[in-house]
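I opened the model to look up its sheet, its helix packing and a few backbone angles. The entries follow in the order in which I made them.

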Amino acid sequence: MDAKKIIQSWEGKKVLCIGDCCLDVWTYHTVNRISPEAPVPVLDQDANHTFESGDGMGGLVASMVNALGGQATMVARPRHFWQVKTRIMARAPGRGYQPILRIDSTPPKSISDAEADVLLDNARTALLDGCTSILVSDYSKGTVTHYLCQELSKLAGGFRVPIAVDPGRYADWTWYRRMLIKANESEMAGYGAPGEAIRKLELPALIVTGGSDGMELMVEDRSGGCQVTEIPGIPVDGADPCGCGDQAMAVLGLGLAAFGRELDLKFCSDELAQLCELANVAARLQVQRHGCQPVTAQELEEVIKKQQLTPSVAA
């Protein structure tokens, strides 16, 4: 299937997003002088200097699914448990804003099994309502636990839907048994050879992202070996990595939802490779933007028309 048809197949597909959320706050300032007390800039608050968004972490993935034509259901803890990330933006007079500092509130404690059961009930309702893929956003902020992952895997198996996870930096990957894992290179460190992780954890696939170096898709082949597909990187102008991993996750989630319940991910490397290439392009568009502005399906299609995808997808 060509890329345009893949993107069009996402329209209206329902995706269950579950995991950590946060409140993102941006404050905007102008620097007119250096402090006489220390070699630091003095920030003058600009008019309308604060902007808040409740779409951080897993919430951002859900927003990105919606922007691409899907219908996301976000399952998360109540808002008062969310971590707050405050980004201090500053500029010289007449220049553009640049981030100079981020302040994070203390992350919440991990949820109890009883709290997890409430989220699992909401997840079951979403699956009954027609969600055909599950995306887990683990930012190590307390929502995703071993128990939650175990029960989510059972739900995914019972409803015959694929489940993918963006792992926490310090998480125990044994929590993610039988899930598709999309990890960056730093998250992959310490887990040995990818083929070993795939076999031990019975993963249908492992996707390792490398920023401008592209991605690697790894699946177990029918002989028990590890088949690796290289997704080349795409040069970009600008480099704001905020949200690019979430953008790739949204593409993967919609693609999995559109595949349908019957597809065996372990033996569909060609289809997954196409999704990875589209995810790579979507992340490329995201990294060129200031802040986290979801990429739309129309924007992806316009990139295809300009022949900026690799031949295997754009053909």
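**Helices on the sheet**

I began with helix 2 (residues 58–67), which lies across strand 1 (14–19), strand 4 and strand 7 (134–137) and runs at about 165° to strand 4. Helix 4 also packs on the sheet, where it touches strand 1, strand 7 and strand 8, and its direction makes about 155° with that of strand 8. I took contact as heavy atoms within 4.5 Å. Axes are lines fitted to C-alpha atoms, for helices over the stretch in contact, and angles run from 0 to 180 degrees between N-to-C directions. Helices (H or I, at least four residues) and strands (E, at least two) are DSSP runs, numbered from the N terminus.

**Basis**

I noted that this is a predicted model, in which local features need pLDDT of at least 70 and side-chain atom pairs count only at pLDDT 80 or more, while totals for chains, interfaces and linings use all residues. Residues are numbered from 1 along each chain as its sequence is written, and side-chain values use heavy atoms, with hydrogens and water left out.

**Chain totals**

I counted 10 helices and 12 strands in the chain. Of the 315 residues, 48% are buried; buried means under 20% relative accessible area, exposed over 50%, and partly exposed in between (1.4 Å probe, protein chains only). Among contacts between residues at least 6 apart in sequence, 71% join residues at least 24 apart.

I read the strand order of an open sheet of 8 strands as 4-1-7-8-9-10-11-12, with mixed pairing. Strand 4 (71–75) and strand 12 (226–231) are at the edges with a single partner strand each, so one side of each has no neighbour in the sheet. From one strand to the next the twist averages 20°. Two strands pair if DSSP finds at least two bridges between them.

Strand 10 (residues 206–209) and strand 11 (residues 215–220) run antiparallel and are joined by 4 bridges. I looked up Leu206 and found Met218 as its bridge partner in strand 11. Strand 11 and strand 12 are also antiparallel, over 6 bridges, and Leu217 has Thr229 as its bridge partner in strand 12.

**Hairpin turn**

Strand 11 and strand 12 form a hairpin with 5 residues between them, and Gly224 in the turn has a positive phi of about 95°. I found Gly224 partly exposed, with a relative accessible area of 26%. Gly224 and Arg199 are 25 residues apart in sequence, with 8.2 Å from C-alpha to C-alpha.

Most residues other than glycine have a negative phi. I noted Arg160, where phi is near 55°, in the loop between helix 4 (146–159) and strand 8 (163–166). Arg160 counts as partly exposed at 49% relative accessibility. Arg178 has a positive phi of about 70° and is in the loop between strand 8 and strand 9 (180–184).

**Helix 7 and helix 8**

I checked the axes of helix 7 (residues 244–259) and helix 8 (residues 269–287), which come within 8 Å and cross at roughly 145°.
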